[in-house]
Structures are given as structure tokens and as C-alpha cells.
Amino acid sequence: MNFLIGIGVILLIGVLIYNTLVSRRNQCDNIFASIDALLKKRYNLIPNLVTLMKESMKYEKGLLEKVTELRSKAMQPNLTREQKIAIADELTQPLHGLMVAVENYPELKANEQIIQLMHTLNEIEEQIAAARRAYNQAVTDYNNTRQMFPSSLIANWFNFGPKTLFEIPEIERKNIDIKELLEP
């Protein structure tokens with residue numbers, strides 16, 4: 001009888017660990033879907049911004065082309081989570097450069113549409129940063145659960161793979177060099 005109770009307790013613990021792993025994996029996926037939606041909002045905003053700025057910012061043609069090119073890459077179907085993260089990271093610096101470059105053009109600073117788009121872009125960037133923090137915390141919790149004993153046994157048995165953090169690339173940790181960004 002004690003043997004059956006022991007097996008029942010072990011099975012119950014196994015089910016609890018399995019459910020915890022599934023819950024944390026789903027939380028990571030859910031938060032990444034939020035990031036994905038925010039990135040789509042960001043990418044949808046870019047064509048309007050580029051169109052409005054193109055005429056005034058003739059000297060930053062290279063920067064505008066870079067933003068447009070990265071947006072096109074990001075809109076491709078069937079990108080993996082890692083590819084989406086890489087493109088989003090690559091696009092962040094030129095977008096920040098674009099926002100800073102507007103300061104050099106009084107006619108752009110006075111344009112209501114540009115001001116509204118820049119304000120919206122700033123809001124989206126802040127939301128992406130907040131979602132990125134939530135995602136990284138969820139991934140850390142998931143990876144910790146996946147790697148710790150005894151849940152690592154269940155994770156390996158049911159193939160719970162590791163998740164990748166949405167880290168800031170090294171280049172973004174440096175101050176933005178506007179001269180470098182504005183060179184053709």
C-alpha cells in the first residue's frame with residue numbers, strides 16, 4: 001500500500017512540474033506575440049514616416065533607405081522568432097537616428113504630421129521596451145525551471161527546448177553617433 005502511495009505522489013509531482021513547464025512556455029509565447037504585434041505596429045508606421053521625411057531629408061537618403069530595407073526584411077512571412085528579434089534589434093538604431101535627425105530640420109519639427117508620427121513611434125518604442133523586459137523575465141523563469149532538478153528530467157523527457165532572450169545588441173549600448181548615421 002505504501003508503495004502505491006509513493007508512486008502516486010511521484011506521479012503527482014511529475015504532473016505538477018510538467019504543467020509548470022507548459023504554463024511558463026505558453027507565457028513566453030504569449031508575451032512574444034505581444035512584442036510581435038508591437039513590432040508590426042512599428043513597421044506599419046515606417047512607410048508614412050519615410051514618405052513625409054523623404055523630401056526634406058535629402059541628405060539622410062542612406063538612413064531612410066536603411067530603415068525601408070529593414071522594414072521590408074521584417075515584413076517577410078515565415079520568419080523565425082530569432083530572425084524577428086535580430087531584425088528588430090538592427091532597426092532600432094537607425095530609427096533612433098531618424099528621430100534625432102529630425103531635430104536638424106526646422107520644417108520637419110514644425111510639421112504636425114511628423115510630430116504626431118514621432119510621438120506615436122516613441123510610444124511604440126517604449127511599449128516594445130516594456131514588453132521586452134516582460135518577455136526576458138518570462139524566458140528566464142522558463143529556462144530556470146527547465147534547467148533545475150527535478151524539473152530538468154521532465155523537461156528533457158518531453159523535449160522542452162531553451163528559449164532565447166531578447167537582448168540588446170552591443171551596438172545599442174553605445175551612444176548614437178549621429179555623424180555616422182547620417183553619412184550616405
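Which residue does the side chain of arginine 81 meet in a salt bridge? Select arginine 81 and aspartate 29 to find out: their side chains meet at 2.9 Å, N to O. A salt bridge here is a side-chain nitrogen of Lys or Arg within 4 Å of a carboxyl oxygen of Asp or Glu.

**Before you go on**

This is a predicted model, where local features need pLDDT of at least 70, side-chain atom pairs count only at pLDDT 80 or more, and totals for chains, interfaces and linings use all residues. Residues are numbered from 1 along each chain as its sequence is written, and side-chain values use heavy atoms, with hydrogens and water left out.

Colour the chain by pLDDT, the predictor's confidence in each residue, from 0 to 100. The chain has a mean of 84, and 89% of its residues reach 70 or more. Confidence is lowest in α7, at a mean of 51, and highest in α6, at 93. Helices (H or I, at least four residues) and strands (E, at least two) are DSSP runs, numbered from the N terminus.

**Stop 1: the salt bridges**

Go back to the opening pair. Arginine 81 lies in helix α3 and aspartate 29 in helix α1, so the pair ties together parts 52 residues apart in sequence. Arginine 81 is partly exposed, at 21% relative accessibility. Aspartate 29 is partly exposed too, at 28%. The scale runs like this: buried is under 20% relative accessible area, exposed is over 50%, and partly exposed is in between (1.4 Å probe, protein chains only).

Lysine 163 counts as buried, at 19%. Together, Asp29, Arg81 and Lys163 are linked in a network of salt bridges.

Next, select lysine 73 and glutamate 90. They form a salt bridge with closest N and O atoms 3.8 Å apart. Lysine 73 is in helix α2 and glutamate 90 in helix α3, 17 residues apart. A search of the whole structure finds seven salt bridges.

**Stop 2: charges over rings**

The charged end of arginine 81 sits over the ring of phenylalanine 32, 4.5 Å from its centre. For this, NZ of Lys or CZ of Arg must be within 6 Å of the ring centre and within 35 degrees of the ring normal. Then try lysine 163 with tyrosine 142: the charged end of lysine 163 sits over that ring, 5.9 Å from its centre.

**Stop 3: rings with rings**

What links Tyr18, Trp157, Phe158 and Phe160 into a cluster? Select the four residues: ring pairs do it. Rings of Phe, Tyr and Trp (its six-membered ring) pair if their centres lie within 6.5 Å; planes under 30 degrees apart count as stacked, over 60 as edge-to-face and the rest as tilted. The structure holds four aromatic pairs. In one of them, the rings of tyrosine 18 and phenylalanine 160 have centres 5.7 Å apart and planes at 75°, so the pair is edge-to-face. Tyrosine 18 lies in helix α1 (residues 2–54) and phenylalanine 160 in the loop between α6 (151–157) and α7 (178–182), so the pair ties together parts 142 residues apart in sequence.

**Stop 4: the core**

In soluble globular proteins, nonpolar side chains tend to be buried together. A nonpolar core is a set of buried Ala, Val, Leu, Ile, Met, Phe, Trp, Tyr and Cys residues joined through side-chain atoms within 4.5 Å. Of the 46 residues in the largest one, Tyr43, Met53, Leu98 and Tyr135 touch the most other members. Helix α1 supplies the largest share of this core, 15 residues.

Zoom in on tyrosine 135. Leaving aside neighbours within four places in sequence, its contacts (heavy atoms within 4.5 Å) include Phe32, Arg81 and Phe166.

**Stop 5**

Most residues other than glycine have a negative phi, and most peptide bonds are trans. Select phenylalanine 149 and proline 150: the peptide bond between them is cis, with omega near 5°. Asparagine 78 has a positive phi, near 65°, and is exposed at 75%. Finish at asparagine 159, with a positive phi of about 55°.
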